[in-house]
Protein chains: 2
Amino acid sequence: MEARYIGIDLGGTSAKIGVVDGEGNLLKHTEVPTHGEGPEPVLQRVVETVREVTIQSGTSWDQVVGIGMGLPGFLDLERGVIKRLTNLPWENVPIVERLETLCNRPVRIDNDANVAALGESWSGAGAGVDDMVAITLGTGVGGGVIAGGRLIHGVSNAAGEIGHVCVEPDGARCGCGQRGCLETISSATGIVRLAKEALEKGESTVLAETAQKGELTARDVFQAAEQGDAVASRVVQTAVDALARVMAMITVVLNPARFVIGGGVARAGDTLFQPLKEAYRKHVLPSAAEGVEIVPAKLGNNAGIIGAAGLIARRENPASAS
Amino acid sequence: MEARYIGIDLGGTSAKIGVVDGEGNLLKHTEVPTHGEGPEPVLQRVVETVREVTIQSGTSWDQVVGIGMGLPGFLDLERGVIKRLTNLPWENVPIVERLETLCNRPVRIDNDANVAALGESWSGAGAGVDDMVAITLGTGVGGGVIAGGRLIHGVSNAAGEIGHVCVEPDGARCGCGQRGCLETISSATGIVRLAKEALEKGESTVLAETAQKGELTARDVFQAAEQGDAVASRVVQTAVDALARVMAMITVVLNPARFVIGGGVARAGDTLFQPLKEAYRKHVLPSAAEGVEIVPAKLGNNAGIIGAAGLIARRENPASAS
């Protein structure tokens with residue numbers, strides 16, 4: 001009887017739910033809405049769907065070893081309690097106990113960035129290496145650290161908060177209260193902010209026209225850069241350079257075999273990766289960079305489901321094969 | 001029969017050799033000269049001394065599980081080979097094979113900074129926590145990373161090279177070829193360099209007199225700072241601030257429970273630790289710093305012997321108790 005694992009990636013608008021095998025392959029998945037609701041109705045719906053998707057994947061409930069869940073917010077991992085979530089009105093929810101009662105299986109939780117990193121480490125772009133840093137460039141900059149084959153949490157569960165490395169001591173104010181965090185420059189939001197600053201200064205760029213048609217996006221900035229727009233290219237270079245400096249620093253602290261870059265901004269492909277690799281080589285200690293790869297994430301939106309399942313599966317069998 | 005472990009801390013002038021019990025206590029130790037000699041005579045002497053110190057510690061050879069060795073230089077850990085050492089003319093020495101033949105016990109090697117970090121993690125200032133970063137402020141700035149209860153090496157064995165985090169992009173040239181590495185500012189050498197720069201500018205400081213009497217040391221700078229000398233205080237503040245910024249950054253990447261600060265510069269005690277803690281609080285993301293401690297190293301010069309023994313002892317029984 002082959003072991004199977006349930007992964008749940010809970011977000012502000014939906015919960016993605018899937019069945020994963022022992023190699024980190026997603027056999028079947030679906031999603032249910034969550035928006036704005038309190039925990040109890042959502043959990044009832046999630047548990048029903050867990051049962052359904054298990055059957056649909058051809059898995060008997062006996063094969064299900066346990067359930068992992070990724071959550072966006074502040075968690076007490078030791079007690080298995082949600083302190084509060086970023087996009088849902090859930091506070092002080094003893095989620096592990098509640099789900100274990102409803103499903104009669106062991107449940108583990110972790111924050112969404114860690115879970116996505118674990119997914120990429122298990123069966124995505126970080127597979128096969130013991131030391132990996134995942135960086136997600138989206139609305140913010142998130143991250144997760146796998147070191148010595150293990151997901152690292154740290155003493156206050158802040159490991160992987162790479163978006164809050166300070167890169168410009170006198171830079172823009174970040175949501176965290178600090179100034180010049182990586183997130184203020186290299187996130188989608190940061191890239192748009194830099195582009196708007198250039199527009200406000202009246203610099204000549206095709207982005208002026210784009211901005212008149214609607215809300216400017218990071219994608220617009222990358223497209224303009226691809227077309228040779230000087231202002232857009234400079235903004236991309238600034239974002240890439242800040243990220244490269246942080247990666248250079250992580251290289252001499254953790255020396256990961258791979259940086260796995262995901263999130264919406266990473267969809268820019270070579271327009272991001274080519275200057276990023278160049279900037280990295282410029283900033284990094286060459287002897288430390290030997291063997292370090294910079295690769296795009298592979299699992300896309302499924303990293304969260306797979307990694308959540310990995311919270312159960314990888315516990316018995318961590319990434320390290322050595 | 002209680003298990004015992006031999007630790008060897010090989011340096012340019014001497015090899016420190018000791019017998020360590022299963023709790024990381026150093027039972028007996030001694031040292032033998034190494035200076036300038038090739039591997040074979042040194043190894044013969046080391047092996048003889050290993051036997052002697054084992055007997056002196058009341059340990060029978062049957063109790064000795066294995067031998068660990070810390071080495072200053074470039075190692076091929078997988079093959080157990082010294083590529084080259086920093087202060088000894090040893091090149092391409094198959095040290096593990098050689099010592100295993102001579103001692104008939106398993107042998108493991110690692111670089112000296114990692115080994116010292118492992119020692120502090122096992123029975124020193126880092127005991128009891130799974131995530132710890134050791135920083136050694138000496139001639140250079142060295143470091144070692146314990147994450148998830150394990151010593152982290154990274155893909156090119158550069159994990160913990162904290163001295164080469166860039167803190168001043170246009171700063172002084174570092175021995176590694178980069179500019180503005182932490183090591184150029186916060187090492188003993190860096191502190192003396194900053195003090196001499198102030199002297200050369202003709203700034204008014206008691207250090208002018210000290211410098212006339214002989215070679216200026218970091219200790220002189222700390223003593224002058226304690227006595228209220230403004231220039232010395234500013235130099236200390238610069239060194240401390242650079243270190244605090246790097247620690248703040250490590251806090252959001254790894255979130256260690258403890259920073260363990262050792263090396264000659266750490267002997268300045270409160271003159272270092274008090275401004276360091278203040279600067280750290282200023283630079284760090286407050287939520288990430290919850291529970292993070294900054295403490296002096298405990299094992300002094302014995303960290304290397306104890307950590308070397310730990311390469312054998314901790315393999316079966318890693319730091320993580322959870």
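This is a predicted model: local features need pLDDT of at least 70, side-chain atom pairs count only at pLDDT 80 or more; totals for chains, interfaces and linings use all residues.
Residues are numbered from 1 along each chain as its sequence is written, chains are lettered from A and ligands numbered from 1 in the order in which they are written, and side-chain values use heavy atoms, with hydrogens and water left out.

**Exercise 1. Describe how α5(B) packs on α8(B).**

Step 1: Two packed helices are described by the angle between their axes and the distance between the axes. Here the axes of α5 (residues 188-200) and α8 (residues 230-253) of chain B come within 10 Å and cross at roughly 140°. Axes are lines fitted to C-alpha atoms, for helices over the stretch in contact, and angles run from 0 to 180 degrees between N-to-C directions.

Step 2: Now classify the angle: α5(B) and α8(B) are therefore oblique to each other. Under 35 degrees counts as roughly parallel, over 145 as roughly antiparallel, 65 to 115 as roughly perpendicular, and the rest as oblique.

Step 3: The crossing of α5(B) past α8(B) is right-handed. That word applies if the near helix is turned clockwise from the far one by less than a right angle, and left-handed if anticlockwise.

Step 4: On the α5(B) side, the residues are B:I191, B:L194, B:A195 and B:A198, and they meet B:V231, B:R234, B:V235, B:T238 and B:A239 in α8(B). Sorted by class, this contact of α5(B) with α8(B) has seven nonpolar, one polar and one charged. Ala, Val, Leu, Ile, Met, Phe, Trp, Tyr, Cys and Pro count as nonpolar, Asp, Glu, Lys and Arg as charged, and the others, Gly among them, as polar.

**Exercise 2. Do the packing of α7(B) on α8(B).**

Step 1: The axes of α7 (residues 218-226) of chain B and α8(B) come within 7 Å, crossing at roughly 115°.

Step 2: This crossing of α7(B) and α8(B) is left-handed.

Step 3: B:V221, B:F222, B:A224 and B:A225 of α7(B) make the contact with B:A232, B:S233, B:V235 and B:V236 of α8(B). By class, the α7(B) contact with α8(B) comes out as seven nonpolar, one polar and no charged residues.

**Exercise 3. Check the length of α5(A) and find its buried residues.**

Step 1: At 1.5 Å a residue, the 13 residues of α5 (residues 188-200) of chain A should span 18 Å, and the end C-alpha atoms are 18 Å apart, which agrees. The expected span is 1.5 Å times one less than the number of residues.

Step 2: The buried residues of α5(A) are A:G190, A:I191, A:V192, A:L194, A:A195 and A:A198. Their cover includes α4 (183-186), α6 (207-213), α7 and α8 of chain A.

Step 3: After α5(A) comes A:G202, with a positive phi near 75°.

**Exercise 4. Compare two asparagines, B:N104 and B:N255.**

Step 1: B:N104 is not a glycine, yet has a positive phi of about 55°; for B:N255, also not a glycine, phi is positive at about 50°.

Step 2: B:N104 lies in the loop between α2 (95-103) and β8 (107-111) of chain B, while B:N255 lies in the loop between α8 and β12 (258-262) of chain B.

Step 3: B:N104 has 60% relative accessibility and counts as exposed, whereas B:N255, at 0%, counts as buried.

Note on methods. Helices (H or I, at least four residues) and strands (E, at least two) are DSSP runs, numbered from the N terminus. Contact means heavy atoms within 4.5 Å. Buried means under 20% relative accessible area, exposed over 50%, partly exposed in between (1.4 Å probe, protein chains only).
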